[in-house]
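Work through the exercises below with the model open. Try each task before reading its solution.

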Amino acid sequence: MTSLSSDLLPHIERGLADLRDLVALESVSAQGRMLPETAAFVTRLLEAEGFAVREYPGKVAPVLVAEAGEGPATLLIYNHYDVQPEDPLELWETPPFTLTERDGRLYGRGASDDKGEFASRLAAVRAVRARHGGRLPLRVRWLIEGEEEVGSPTLERFVAEHADELRADGCWWEFGSVDPEGRPVMYLGLKGVMCLELRCRVAASDLHSSLGAVVDNPLYRLARAAASLRDEAGRVTIPSFYEDVREPSPADWEALARLPGDGESVRETYGVTQPLATGPAYHERLNFHPVVNVNGWGGGYQDAGSKTVLPAAGFVKLDFRLVPDQDPARVLSLLRAHLDAQGLEDVEIVELEAHQRPARADAAHPFVRACTEAAREAYGAAPIVNPSSGGSGPMQPFMAALGVPCVALGIGNVGGRVHAPNENILREHFEKGVAFGVALLERLARA
């Protein structure tokens, strides 16, 4: 990695102090905890750096839109201030809402996703202002929501209705990572996500298991349903599911061909014993292929020992990760038709949370090139550019309503335990995240 410019050091320390204060705010959107308080604190941080901040009501939490600076380019930044629940609390080695440093890592809920990202970017803005006599030499627009961890139910409508406030030359998205060799990892898109629950009930109450000879079992019916959704290779088997999948562009394939490795770091970090893809297929599937997952299963007796019962009801939780141009509503319709064709008309489909559509930027766009060059400058290494992340988020409304390319590059790491106990970032990655932000803002200001 390249060495840090000495003028960044005080801004990095100020950014880490901001992160400590942010982590202490228990802004768990799934439980409605401390969301207005966190929005107010973020507003004060932004206003202190010259941003005009407007707060709008959301379905779950306030949405903040901030603007500062003037110049030839406009950068839109997207972040969120809400976090996942801290459960299971007993697996945390230190208190989840106290930022704690151990061996060069900073632990705490939101340290990576997404308070660390926001704090590092605000530190970069401070550094650029200091270099330019207290002014920003480009326009920075910032959208910060508090509902991302519950599916961003307000965002699609909000972006469409406030398009004039949000227009920009490009959008710096809320996440990203650094690989174990210190190379920045960029993402130019996100898969869509649709979370569902399949439910089946066969009786008003549980029955003695002897009646399994004459009464069907809801867990068996749900097992049939789940098993019918994909084959042994992980390919979705719902008829017509792949009809709308967009063929990757030549630039997408070129970016894919340059991706290093085949997922070995993920397999080693998490002790994976049943990989579905290695070699070149690993990146192709992660970037370009849709997938269905079973997230959880419930019903019947779950405790120690046996209980000879035929459960009355059960459920299976699923998520679909979709790629451009798949529509969640059409996939839902295809799923219903598929289950009916299996004789599973009684299996109910319940939609959970808000769906998110897939999105992918043009790998050849000038904003993508600017981010690539800024990353090379800050990290001293060419970034690893993924056409898409395997994960999901509310990126599609920005591309559809605003027509802006979105690039995700941030401070996460493969062992960062995002959404899990002991979420963490490396201090070194926070520092480089600030350096990247400065390089990007300065480069755009010269455009």
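Predicted model: local features only at pLDDT ≥ 70, side-chain atom pairs only at ≥ 80, totals over all residues.

Residues are numbered from 1 along each chain as its sequence is written, and side-chain values use heavy atoms, with hydrogens and water left out.

**Exercise 1. Salt bridges**

Solution. 
- Start with the criterion: a side-chain nitrogen of Lys or Arg within 4 Å of a carboxyl oxygen of Asp or Glu.
- Arg427 is in helix α13 (residues 427-445) and Glu13 in helix α1 (residues 9-23), so the pair links distant parts of the chain, 414 residues apart. Helices (H or I, at least four residues) and strands (E, at least two) are DSSP runs, numbered from the N terminus.
- Now check burial: buried means under 20% relative accessible area, exposed over 50%, partly exposed in between (1.4 Å probe, protein chains only).
- Arg427 is buried at 19%, and Glu13 is partly exposed at 40%.

**Exercise 2. A strand and a loop**

Task: which parts does the salt bridge of Arg139 and Glu70 tie together?

Solution. 
- The two side chains meet at 2.7 Å, N to O.
- Arg139 lies in strand β6 (residues 139-145), while Glu70 lies in the loop between β2 (63-68) and β3 (74-80), so parts 69 residues apart in sequence are tied together.
- Arg139 counts as buried because its relative accessibility is 17%.
- For a network of salt bridges, look at Arg14, Asp18, Glu49, Arg126 and Arg129.

**Exercise 3. Aromatic rings**

Task: classify the ring pair of Tyr78 and Phe398, then that of Phe175 and Tyr187.

Solution. 
- Rings of Phe, Tyr and Trp (its six-membered ring) pair if their centres lie within 6.5 Å; planes under 30 degrees apart are stacked, over 60 edge-to-face, the rest tilted.
- The structure holds 11 aromatic pairs.
- Tyr78 and Phe398 have ring centres 5.5 Å apart and planes at 65 degrees, so this pair is edge-to-face.
- Tyr78 is in strand β3 and Phe398 in helix α12 (residues 396-402), so the pair ties together parts 320 residues apart in sequence.
- Tyr78 is buried at 0% relative accessible area, and Phe398 counts as buried at 0%.
- Phe175 and Tyr187 are stacked, with 5.4 Å centre to centre and 25 degrees between the planes.
- Phe175 counts as partly exposed at 21%, whereas Tyr187 counts as buried at 17%.

**Exercise 4. A surface patch**

Task: which residues form a nonpolar patch on the surface?

Solution. 
- Patches take residues with over 30% relative accessible area and no salt bridge; like charges are joined within 9 Å, nonpolar side chains (Val, Leu, Ile, Met, Phe, Trp, Tyr) within 5 Å.
- Val266, Tyr270 and Val272 form the patch, with about 250 Å² of accessible area together (Shrake-Rupley method, 1.4 Å probe; for residues, only the protein chains shown count as cover).
- Val272 is in the loop between α8 (264-270) and α9 (280-288).
- Val272 counts as partly exposed, at 37% relative accessibility.
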